[in-house]
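The following note concerns the structure shown below.

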Amino acid sequence: MTSLTKKLALVAAVAAAPLMAATAASAEGEKYILVSHAPDSDSWWNTIKNGIALAGEQMGVEVEYRNPPTGDLADMARIIEQASASGPNGIITTLADYDVLSGPIKSAVDSGVDVIIMNTGSPEQAREVGALMYVGQPEYDAGYAAGLRAKGDGIGSFLCVNHYIVQPSSQERCQGFADGLGIDLGTQMIDAGQDPAEVKNRVLAYLSANPDTDAVLTLGPTSADPTLLALEENGMAGDIYFGTFDLGGEIVKGIKAGVIQWGIDQQPFLQAYLPVVVMTNYHRYGVLPGNNINSGPGFVTADGLEKIEMFAGEYR
């Protein structure tokens, strides 16, 4: 057992409270479903899957991950409805688009299914749909903090490579960054799509048309990895200021090599792990944290990369 697993096991054991016999007895039939907006192609969500799997193992409950294969939010809404109809003890879900997903989530709550919002959405939106709480990173605030950091580093213009532009929270990241810099977002955000070759080509095209761009901001491995290839191809790797949301194997390598200045870590493992632990203990003992949990933002730089490098794409 790794030291990380031992620590998490200890946390879960303490949270699960005093009587292990009672815990085992109450575990029978407990089931939690996590529904995300992520397409199958987005490897960043492997960390989410690992988070619920470990929490399920430690708490002795059944957990299941569901998602729309192409990332279609209407499809996600149907998945939430189906998950609710299956009668789980609880649903953990992202709230990628309030207009599309709030109805199915409210219906689940009205039917007696407890819900925790994670990753996307906000504490305010979680309250509005009747969820128990929110666990995640306020996206606009994270973008704004990144913008302030870049402004302090002398950045005045940027390219935001948005690989999931239909999701409002991804736009909040770009807008927050622009506001932190104190400039208009304007046309500095591009719809990059999710195909790696297309992302790379669109980044190359933008930087060719706008050679004086000071910085590049990507929103996760789906856009960061092809952008790294684009910068290697046009000779700008290491010369243009590069920040990104989230972590992944190639992102960690880029930070270590000095090509990426920083990554914003929202700790997706905790976004999945904590809701399972919290909801299980709520159902067993009636205990619930009084506040929502912000899992980020935290800035990851070349300093102190050892643990992150070890667990990138798995637990980080």
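1. Helix H4 (residues 73-85) packs with helix H5 (residues 98-110) at an angle of about 0°, the axes being 9 Å apart. H4 is therefore roughly parallel to H5 (an angle under 35 degrees). Axes are lines fitted to C-alpha atoms, for helices over the stretch in contact, and angles run from 0 to 180 degrees between N-to-C directions. Helices (H or I, at least four residues) and strands (E, at least two) are DSSP runs, numbered from the N terminus.

2. The model is predicted: local features need pLDDT of at least 70, side-chain atom pairs count only at pLDDT 80 or more, and totals for chains, interfaces and linings use all residues. Residues are numbered from 1 along each chain as its sequence is written, and side-chain values use heavy atoms, with hydrogens and water left out.

3. On the H4 side, Leu73, Ala74, Met76, Ala77, Ile80, Glu81 and Ser84 are in contact (heavy atoms within 4.5 Å) with Val100, Leu101, Pro104, Ile105 and Ala108 of H5. These residues comprise 10 nonpolar, one polar and one charged.

4. One disulfide is counted (cysteine sulfur atoms within 2.5 Å). The sulfur atoms of cysteine 160 and cysteine 174 are 2.0 Å apart, and their link is left-handed, with -50° about the S-S bond. Cysteine 160 lies in strand S6 (residues 158-162) and cysteine 174 in helix H8 (residues 168-181), 14 residues apart.

5. Cysteine 160 is buried, at 0% relative accessibility (buried means under 20% relative accessible area, with a 1.4 Å probe and protein chains only). Cysteine 174 is likewise buried, at 0%.

How values were computed: Parallel < 35°, antiparallel > 145°, perpendicular 65-115°, else oblique. Nonpolar A, V, L, I, M, F, W, Y, C, P; charged D, E, K, R; others polar. Buried < 20%, exposed > 50% of the residue type's maximum accessible area, 1.4 Å probe, protein only.
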